[in-house]
Amino acid sequence: MRWNARAYDSSFGYVSAHGAPLVDLLDPQPGERVLDLGCGTGLLTAEISSRGARVLGIDGSSAMIEKALSLHPGLEFIVGDGRDFTVAEPYNAVFSNAALHWMGREPDTVISNVWQALTPGGRFVAEMGGAGNCAALTAALSTAWREHGLPEPDLPWYFPSPAEYATRLEKGGFTLRLLEYFDRPTPLDECPGGAADWVRTFAGSLIQGKPVELVESLLLRVNELAAPALRRETGWMADYVRLRFAAVRR
Ligand SMILES: C[S@@+](CC[C@H](N)C(=O)[O-])C[C@H]1O[C@@H](n2cnc3c(N)ncnc32)[C@H](O)[C@@H]1O
């Protein structure tokens, strides 16, 4: 899908904000080479760099990379696809926040590419959506689409269970050191339009090319359906479930 880098940072800065503890788990060391896969606008790449590591941010979206380059002059960012990338020299660690679930239709290929990009003993530290992530949001999407006579929406994400992803990592040549699977209800503070705003930013491919009136009607219905589960007195809350892991290349 196409990412809107400006809207991403102003409305969804919480994605990077939640990534800060993941940088602690990575524990980058001065002089280490760290690759940030699906780096977005590079906020966490810069955080890793500030701890003394030499970083490369890779992202599939040229808009994200342009923004990253303008926000963090002096750091290296390139456009690249997690499902198809190689590096000239191996890295001590590959880091990824909130991005692997976007590359998930070929998870073993991504894991294999990460393995290839690491030195033996190199770390793979990441957080992604896990099984059940956004269940209320996606149920509302499916129902709204069905009610409008549309085929089931082709959701672009891969939200594996801990057991499934652990097996893939082990089979892919990694030793798993830590795996956490937890609910993280996340306030959509900057989404006055509620679930509809979330769909526009994170599931834009589902509404792309549809007539404006149809999109308005679909998103209105998504909000109605999602509200009982996700709207609180204080605002909208996304039903996020995360999978966080640290693994080492064997
Ligand atoms: C929710 S953002 C997270 C960005 C950043 N890691 C952060 O914490 O703010 C997901 C990012 O994954 C990128 N992405 C999606 N599919 C990708 C792919 N196949 N290869 C590389 N990047 C991809 C998107 O362009 C987007 O920047």
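Visitor: How are α7 and α10 oriented to each other?

Guide: In this predicted model, α7 and α10 pack at an angle of about 140 degrees with their axes 8 Å apart (axes are lines fitted to C-alpha atoms over the stretch in contact, and angles run from 0 to 180 degrees between N-to-C directions). The two helices, α7 and α10, are therefore oblique to each other, since angles under 35 degrees count as roughly parallel, over 145 as roughly antiparallel, 65 to 115 as roughly perpendicular and the rest as oblique.

Visitor: And which residues in α7 meet α10?

Guide: Among them are Leu137, Leu141 and Trp145 in α7, which meet a set in α10 including Val222 and Leu225, where contact means heavy atoms within 4.5 Å. Helices here are DSSP runs of H or I with at least four residues, strands are runs of E with at least two, and both are numbered from the N terminus.

Visitor: Which residues have the most contacts inside the largest nonpolar core?

Guide: That core has 27 residues, and those with the most contacts inside it include Leu137, Trp145, Val222 and Trp236. A nonpolar core is a set of buried Ala, Val, Leu, Ile, Met, Phe, Trp, Tyr and Cys residues joined through side-chain atoms within 4.5 Å, and buried means under 20% relative accessible area with a 1.4 Å probe, protein chains only.

Visitor: Which element gives the largest share of this core?

Guide: α10 does, with seven residues, while α7, α9 and β8 are among the elements that each supply at least two. A second, separate core of 25 residues includes Ile58, Met103, Leu118 and Met128.

Technical notes. Residues numbered from 1 in each chain as written. Predicted model: local features only at pLDDT ≥ 70, side-chain atom pairs only at ≥ 80, totals over all residues. Heavy atoms only, no water. Buried < 20%, exposed > 50% of the residue type's maximum accessible area, 1.4 Å probe, protein only.
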